[in-house]
Amino acid sequence: MRDRAGCRLLVSGYGRGAYGAAVADAGRAVDRPSWDGHLLLLHQSEGDRLVRLAEWVRHGLDGGEKVLYADGQDPAHSSILDYLRGQGIDVGAATAEGRFELLPLTAFYPSQGQDVVVDRALDEGFPAVRLSAEVAAALTVLTPQAYRDIEQNMDRLCRTRPVSALCQYGRSTTVGPVLGAAVATHPRGVRELMFDSTASPAGLVLHGEIDVDNADVLAAVLGAALAAALSSGRDELRLDLAGLGFLDVAACRAIADTSRVFRATGRRLLLVGPPPLVAWVMGLVGLTDAPGVALVGSAR
Amino acid sequence: MTAGAGGGGGYLHHALFYDSPQALVGAAGPFLRAGLAAGDLPVLVCSDRNNALLTAALRGEAEVVVLEPASIYTRVVDAVDRYQRLVRAQRRRGTHRVRLVGEVDFGPPPMWDEWTRFEAIVNLALAPYPLSSVCAYDTRTLPTPILKAARTTHPNLLTSAGAEPNPGYRHPVTVLRALPPDPPDPLEATPPRFADDLTAPADLTRLRRKLRTALTTAGVPTSVMDDVVVAAHEICTNGLIHGRPPVLVRVWTSADRVHCTITDQGTGHNQSLAGYLPPPTPVRTGAGLWVTRNLVDRVSSTHTTDGFVVRLTTQALNGGGHIQRRPPHDSDGEGWSPGTWEAREG
């Protein structure tokens with residue numbers, strides 16, 4: 001058992017937690033999107049939700065973290081414990097050893113705020129703690145405004161303490177302004193089914209495939225990143241695209257449209273390291289030649 | 001025809017009908033020599049024999065650029081692009097106007113209409129370019145349909161008496177609308193190698209993944225496979241967003257080609273120029289078909305009782321038969337742009 005001071009010392013050298021979470025060295029893209037930090041998970045289906053949730057849980061348990069899960073007790077959902085067990089995660093042992101804990105919603109969202117939940121977990125000696133809940137479940141005990149406040153507080157916790165959070169939003173209900181608001185409270189990263197967006201010091205790192213079906217998510221994360229750049233006085237936003245396997249015309253249009261106002265102020269959008277076919281499509285539709293857009297370091 | 005950007009006017013497009021080497025030289029020779037006197041650069045894109053004849057007619061007075069038609073006339077959009085780059089490159093070297101005499105390579109009969117489309121489209125695509133071109137048509141050897149079409153696609157005629165307006169010229173939209181869509185490929189009578197029905201944009205990921213697998217299994221070269229997957233994706237997107245689901249995708253492969261039909265249940269469109277010209281920047285609607293025409297050899301669409309059918313066909317030869325994707329950037333550096341043009345169709 002480590003004391004709290006010891007935990008902090010350990011944490012300051014701990015590269016996987018919130019301190020190092022998904023933040024690339026300047027000029028170098030992360031190789032894989034991580035499961036650390038404050039993340040928005042957009043799920044298309046129950047199967048999709050569970051698969052990625054299990055990866056997130058496994059990652060936390062492998063790292064010796066405490067995993068807290070909000071038990072929404074939705075009768076339509078199969079037991080999370082059964083599912084994790086089926087994925088080869090020894091939730092029995094983890095639960096017995098206090099490494100994995102199912103919390104009722106009222107305990108997961110106490111009236112004093114979630115800081116006490118984090119404190120308790122860290123006091124138990126864990127180097128880090130991670131929490132996850134479904135938004136739909138949270139909204140059965142919280143008003144939308146209260147939930148937004150919790151998200152903002154969670155973002156602060158993830159930035160300042162060894163905390164990660166995976167906030168599960170259903171894709172079909174998270175569209176338009178709801179999507180924009182959700183993305184705004186998760187500046188570190190968004191995990192959609194086919195692509196991931198992760199914050200970097202100078203902008204965003206994109207992995208995966210973006211097409212007409214998820215271009216609205218791209219527009220939301222790009223819009224949030226551009227707004228943040230504007231308000232922090234930066235002249236450029238960097239999009240690291242080396243991890244993009246596919247980018248269609250609709251996605252190019254989303255990039256162009258979302259960044260138009262930003263670029264019209266004289267600021268620049270850098271498209272960095274796209275694979276050859278992606279770079280070619282972007283050139284063909286005029287994105288790379290648009291005012292304020294620069295293609296940097298093309299094909300591998 | 002039109003005075004375009006770039007100083008000294010825009011594109012002048014002539015047809016020259018000849019029935020002997022003397023007739024060719026008799027008309028093209030003065031054209032080229034007048035160009036030399038004006039400081040224009042001569043460019044020849046004819047058969048080897050005619051390139052030699054015309055070079056001789058210039059009496060060694062000047063630098064002549066000589067190109068092989070086969071290197072230019074691959075795909076319509078690529079041929080247009082090559083001429084645009086040629087003129088821009090010569091401009092950077094200080095040439096004010098390019099004077100070109102060429103013979104379009106019409107290829108095998110299935111491609112004749114497509115190169116007629118090329119002849120029509122250049123009137124729009126090259127309009128702002130300081131280029132005077134003469135398309136030489138051998139009336140002894142070229143089929144009648146090609147000769148007839150040539151009379152509708154050139155605003156000017158060139159003879160030994162000089163250039164004169166061509167009363168037979170028709171607007172490119174009129175010419176394209178008069179051309180029939182491609183007939184079904186014989187492969188369509190056989191079982192497809194790949195089939196998928198899409199009902200929503202969420203199905204596009206599955207389409208790409210499964211089509212990639214099917215084409216890889218069929219031994220299609222990777223670059224061709226990548227191009228076909230992107231092209232099919234964009235056409236399916238059009239069908240889902242602008243047409244009506246379900247969108248039915250069927251793909252066949254043979255030793256030399258990949259052929260797709262993509263059918264949606266909507267009424268389609270009648271924009272015959274669609275995808276032959278780049279959409280105006282910034283990126284707007286209509287770019288999907290432009291990208292597709294740059295990825296595969298042939299795109300043709302038609303309304304049928306089954307719905308709106310788009311046919312994609314591209315070579316799939318192993319060992320370099322595939323047309324290389326052209327570089328997306330011509331490092332122009334200068335502010336002079338090809339200009340925009342508005343081709344409105346009713």
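In this predicted model, E234(B) is in contact with D248(A), V249(A), G288(B) and T292(B), leaving aside neighbours within four places in sequence. E234(B) is found in helix α9 of chain B, which runs over residues 222–241. The residue is buried yet has no salt bridge. The nearest side chain of opposite charge is that of R253(A), 7.0 Å away.

The interface between chain A and chain B was examined next. Chain A brings 22 residues to the contact, and chain B brings 28 residues. About 2,200 Å² of area is buried between the two chains. Carbon and sulfur atoms give 68% of that area. Two salt bridges are counted between chain A and chain B. In one of the salt bridges of the model, R208(B) pairs with D211(A). Their closest N and O atoms are 2.7 Å apart. On the side of chain A that touches chain B, the elements giving two or more residues are α11 (249–264) and α12 (276–284) of chain A. Helix α11(A) provides the largest share, five residues. By class, this side of chain A has eleven nonpolar, three polar and eight charged residues.

The buried residues in α12(A) are L277(A), V278(A), A279(A), W280(A), V281(A), M282(A), G283(A) and L284(A). Their cover comes from both chains. In chain A it includes β9 (236–247), α11, β10 (268–272) and β11 (293–296). In chain B it includes α9 and α10 (287–293). Helix α9 of chain B is also where E234(B) is found. Just after α12(A), G286(A) takes a positive phi of about 85°.

Chain A as a whole contains twelve helices and eleven strands. Buried residues account for 54% of its 300 residues. Contacts in chain A between residues at least 6 apart in sequence were also sorted by separation. Of these, 73% join residues at least 24 apart.

In chain B, L198(B) has its place in strand β8, residues 194–198. L198(B) is buried, with a relative accessible area of 0%. Not counting residues up to four places away in sequence, L198(B) touches D203(B), L204(B), R206(B), L207(B), C236(B), L240(B), P245(B), P246(B), V247(B) and V249(B). D40(B), by contrast, is 54 Å from L198(B) in space, C-alpha to C-alpha. The two residues are 158 residues apart in sequence.

Over all chains, the count comes to 35 salt bridges. One of the pairs in chain A is D196(A) with R191(A), whose closest N and O atoms are 3.4 Å apart. Both partners are buried. D196(A) has a relative accessible area of 17%, and R191(A) is at 1% relative accessibility.

In chain B, R117(B) forms a salt bridge with E114(B). The closest N and O atoms of this pair are 2.9 Å apart. Both residues lie in helix α5 of chain B, residues 112–125. They are three residues apart, about one turn of the helix. An α-helix has 3.6 residues a turn, so residues three or four places apart point the same way. R117(B) is buried at a relative accessible area of 6%, and E114(B) is buried at 3%.

The side chains of D185(B) and R257(B) also meet in a salt bridge, at 2.7 Å from N to O. D185(B) lies in the loop between α7 (172–178) and β8 of chain B, while R257(B) lies in strand β10 (residues 257–264) of chain B, so the pair ties together parts that are 72 residues apart in sequence. D185(B) counts as buried at 11% relative accessibility. R257(B), at 21%, counts as partly exposed. In chain A, salt bridges that share partners join K66(A), E101(A), R120(A) and E124(A) into one network.

Terms used
Residues are numbered from 1 along each chain as its sequence is written. Chains are lettered from A and ligands numbered from 1 in the order in which they are written. This is a predicted model: local features need pLDDT of at least 70, side-chain atom pairs count only at pLDDT 80 or more; totals for chains, interfaces and linings use all residues. Side-chain values use heavy atoms; hydrogens and water are left out. Helices (H or I, at least four residues) and strands (E, at least two) are DSSP runs, numbered from the N terminus. Buried means under 20% relative accessible area, exposed over 50%, partly exposed in between (1.4 Å probe, protein chains only). Lys and Arg count as positive and Asp and Glu as negative; His and the chain ends are not counted. A salt bridge is a side-chain nitrogen of Lys or Arg within 4 Å of a carboxyl oxygen of Asp or Glu. Contact means heavy atoms within 4.5 Å. Buried area is the accessible area (1.4 Å probe) that two parts lose on being put together, summed over both. Ala, Val, Leu, Ile, Met, Phe, Trp, Tyr, Cys and Pro count as nonpolar, Asp, Glu, Lys and Arg as charged, and the others, Gly among them, as polar.
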